[in-house]
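Trainee: Could we go through this model together, starting with its pockets and then the contact between the chains?

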Amino acid sequence: MNITLNNRPETFEEESMTFEELIKRKNFTFKMLVTKLNGKLVRKEDRHKVYIKEGDDVTVMHLISGG
Amino acid sequence: MNAEEIRKLLSNKTVGIAGCGGLGSNCAVALARIGTGHLILADFDTVDVSNLNRQYFFKHQTGKKKVLALAENIHSIDERIKITAVDVKLGPADIVSVFAGCDVIVEAFDLAEMKRMIAETVIAEMPGTPLVMGNGMAGWGKSNTIGVEKPTENIYVCGDGTSEISEELPPLAPRVGIVANMQANTVLNILLGNTKEDTL
């Protein structure tokens, strides 16, 4: 599948995968993530059941302490 | 646009400041100096002497509520700025009610957990309101690693994205000030109608 991840094109062999799988595959190791799929918020507890597929627009933001 | 035209345009604008520590206090002062009409300041904390290495407060204000001390400092710069001071530890419901009607919201919390909370709340419940975040500004040097990005619609992130605070990497006035003023610059840009990535 071809998707847009953080405004950049990305290609995966799989036809689809869960948000949780995508985070593992891309090695997003930061603890505090905000995730969005096609303009909608995906909460942490839903990442294992939300599927990403061809043409999706995916955002993964990581946040760290300090301010 | 000249300075007076910018001031006139900003005089009708409302900006919410979520957290009045290192990022929030400095960002709010920059926005007040250029004539932002209405600032909504929210924080639950009081000024501590340890805050003075980076936050826009003075020694005589220690022990005072941050929102009231900041309102006082802003009014010493320009008494025309309308200020709503909200003494609250912000949760999702407060964010929606306190910042309803804001043209832009500035995320100026210290904890990553709080940053996530406001980002999720704004994305889910106030998707039309731009949120300008601060992310990664501890330590010293590495000025050129600090920048601004727009990872998704209506979310702007200022900082280096990697320098998390720790015992050995404290938040200090120079880098915190760079990011706070970068947030203010991003707010100004948005209020002037520039939201495309190549204008950031």
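This is a predicted model: local features need pLDDT of at least 70, side-chain atom pairs count only at pLDDT 80 or more; totals for chains, interfaces and linings use all residues.

Trainee: Which element gives the most to the lining of the largest pocket?

Mentor: The largest pocket has a volume of about 480 Å³ and is lined by 21 residues. Strand E7 (57-62) of chain A, strand E6 (147-152) of chain B and strand E7 (155-159) of chain B each supply at least two residues of that lining. The element that gives the most, with 5 residues, is E6(B).

Trainee: And which class do 9 residues of that lining belong to?

Mentor: Lying nearest the pocket's centre are A:Asn6, A:Val60, A:His62, B:Glu149 and B:Pro151. Across the lining there are 7 nonpolar and 5 charged residues, and the class with 9 is polar.

Trainee: Now the interface: how much area do chain B and chain A bury between them?

Mentor: The contact takes 30 residues from chain B and 17 residues from chain A. On the chain B side, B:Arg116, B:Glu120 and B:Ile123 supply 28% of the area that chain buries against chain A. Carbon and sulfur atoms carry 59% of the buried total, which is about 2,100 Å².

Trainee: Which side chain of chain A meets B:Glu120 in a salt bridge?

Mentor: Good one to look up in the viewer! Across this interface the rule finds 1 salt bridge. Its N to O distance is 3.3 Å, and the partner of B:Glu120 is A:Arg43.

Trainee: Which element gives the most to the side of chain B that touches chain A?

Mentor: Helix H2 (22-33), helix H5 (112-125), E6 and E7 of chain B each give two or more residues to that side. The one giving the most, with 8 residues, is H5(B).

Key. Residues are numbered from 1 along each chain as its sequence is written. Chains are lettered from A and ligands numbered from 1 in the order in which they are written. Side-chain values use heavy atoms; hydrogens and water are left out. On a 1 Å grid over the protein atoms alone, a cavity is a set of points where a 1.4 Å probe fits but cannot get out, and a pocket is an open set with protein on both sides within 12 Å along at least five of seven lines; lining residues have an atom within 4 Å of a point. Grid points are joined across faces, edges and corners, and a volume is the space filled by probe spheres set on the points. Helices (H or I, at least four residues) and strands (E, at least two) are DSSP runs, numbered from the N terminus. Ala, Val, Leu, Ile, Met, Phe, Trp, Tyr, Cys and Pro count as nonpolar, Asp, Glu, Lys and Arg as charged, and the others, Gly among them, as polar. Contact means heavy atoms within 4.5 Å. Buried area is the accessible area (1.4 Å probe) that two parts lose on being put together, summed over both. A salt bridge is a side-chain nitrogen of Lys or Arg within 4 Å of a carboxyl oxygen of Asp or Glu.
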